[in-house]
Amino acid sequence: MKAKLLTVVASMAILTGCATSVKPDTVKAANGSSVDILSVPALADLNKNRIADNKLREVTPTHAATGMGLAVLGALTGNINSGDFDKENYKGNTIDALTNPTDAWFTPKAKQNISQWLAANANGYTYKQPLYIGHATWALIYNDATAADPSYQLKYKVIFYKRPEGGNIFSAFTVAECSPTPVEAKLSDWRMNNYAKVSTETEKYMNSCLLELNNQLLRLLKK
């Protein structure tokens, strides 16, 4: 029982620790409206139990064949389901030189959009609950393990979530996510010029997700 309790505590720390260690940035509008924004690794339980990709993750057929770890929360706690053994969930290799650009590129632009939305819609309201921008998936994942030279899809996902204004720490989040249709290319093309194609396509993904965030703000920032 004691060991099980420790496992639960450890998993909760993983789920909540990142969010609480990041200082919120208050976005304000000229009409006095404001909301706190936290740019964080997305909670695993909002991301199909997957641990957020803080850096580019590269998954090759070799990782599936040799079982080189899982990028799911259960892999850390020992509570692994059969569905976890999917190529989307393999830990693969981390490309340390490439940090997930959501925090540095997407979030500043999102804050500008949110400020404009507040000016047009919030009527001077100060939000009590913060809005989270959670980077989730950023990975190159092989398409066909049987191919001699398989293609790879660049996967990207960002998750937006916020508790209702009248809620508390136990309230369910209102959640929206953006996961653009993956672009596919050979791994050699993705790796060329220090992964230049990855950067270019990811920027396109993030521009698309800015539009999706705009579409979701009325629901996320409901008073």
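Reader: Which residues does Ala 42 touch, not counting residues up to four places away in sequence?

Author: Ala 42 touches Ala 52, Gly 134, His 135, Ala 136, Ile 159 and Tyr 161, where contact means heavy atoms within 4.5 Å. Please keep in mind that this is a predicted model, in which local features need pLDDT of at least 70 and side-chain atom pairs count only at pLDDT 80 or more, while totals for chains, interfaces and linings use all residues. Residues are numbered from 1 along each chain as its sequence is written, and side-chain values use heavy atoms, with hydrogens and water left out.

Reader: Where does Ala 42 lie, and what makes it count as buried?

Author: Ala 42 lies in the loop between β2 and β3; strands (E, at least two residues) and helices (H or I, at least four) are DSSP runs, numbered from the N terminus. Buried means under 20% relative accessible area, exposed over 50%, and partly exposed in between (1.4 Å probe, protein chains only). Ala 42 has 6% relative accessibility, so it counts as buried. Its C-alpha atom is 5.8 Å from that of Ala 52, ten residues apart along the chain.

Reader: Is Asn 47 buried or exposed?

Author: Asn 47 has a relative accessible area of 0%, so it is buried. This residue lies in the loop between β2 (34-41) and β3 (55-59). Leaving aside neighbours within four places in sequence, Asn 47 is in contact with Ala 136, Thr 137, Lys 157 and Ile 159.

Reader: And why is Lys 28 called exposed?

Author: Its relative accessible area is 60%, so Lys 28 is exposed. Lys 28 lies in strand β1 (residues 25-28). Beyond neighbours within four places in sequence, Lys 28 is in contact with Ser 33, Ser 34 and Ser 115.

Reader: How do you know that Cys 178 and Cys 209 form a disulfide?

Author: A disulfide is a pair of cysteine sulfur atoms within 2.5 Å. The sulfur atoms of Cys 178 and Cys 209 are 2.2 Å apart, and the two residues form a disulfide. The structure holds one disulfide. This pair links distant parts of the chain, with Cys 178 in strand β7 (residues 174-178) and Cys 209 in helix α5, 31 residues apart. Both Cys 178 and Cys 209 are buried. With -85° about the S-S bond, their link is left-handed.

Reader: At what angle do helix α4 and helix α5 pack?

Author: Helix α4 (residues 102-121) and helix α5 (residues 187-220) pack at an angle of about 30°, their axes 10 Å apart. Axes are lines fitted to C-alpha atoms, for helices over the stretch in contact, and angles run from 0 to 180 degrees between N-to-C directions.

Reader: Which residues of α4 and α5 meet?

Author: Among them are Trp 105, Phe 106 and Trp 117 in α4, and Met 206, Cys 209 and Leu 213 in α5. By class, the contact of α4 with α5 has eleven nonpolar, four polar and two charged residues. Here Ala, Val, Leu, Ile, Met, Phe, Trp, Tyr, Cys and Pro count as nonpolar, Asp, Glu, Lys and Arg as charged, and the others, Gly among them, as polar.

Reader: How many helices and strands does the protein have?

Author: The protein has five helices and eight strands. Of its 223 residues, 44% count as buried.
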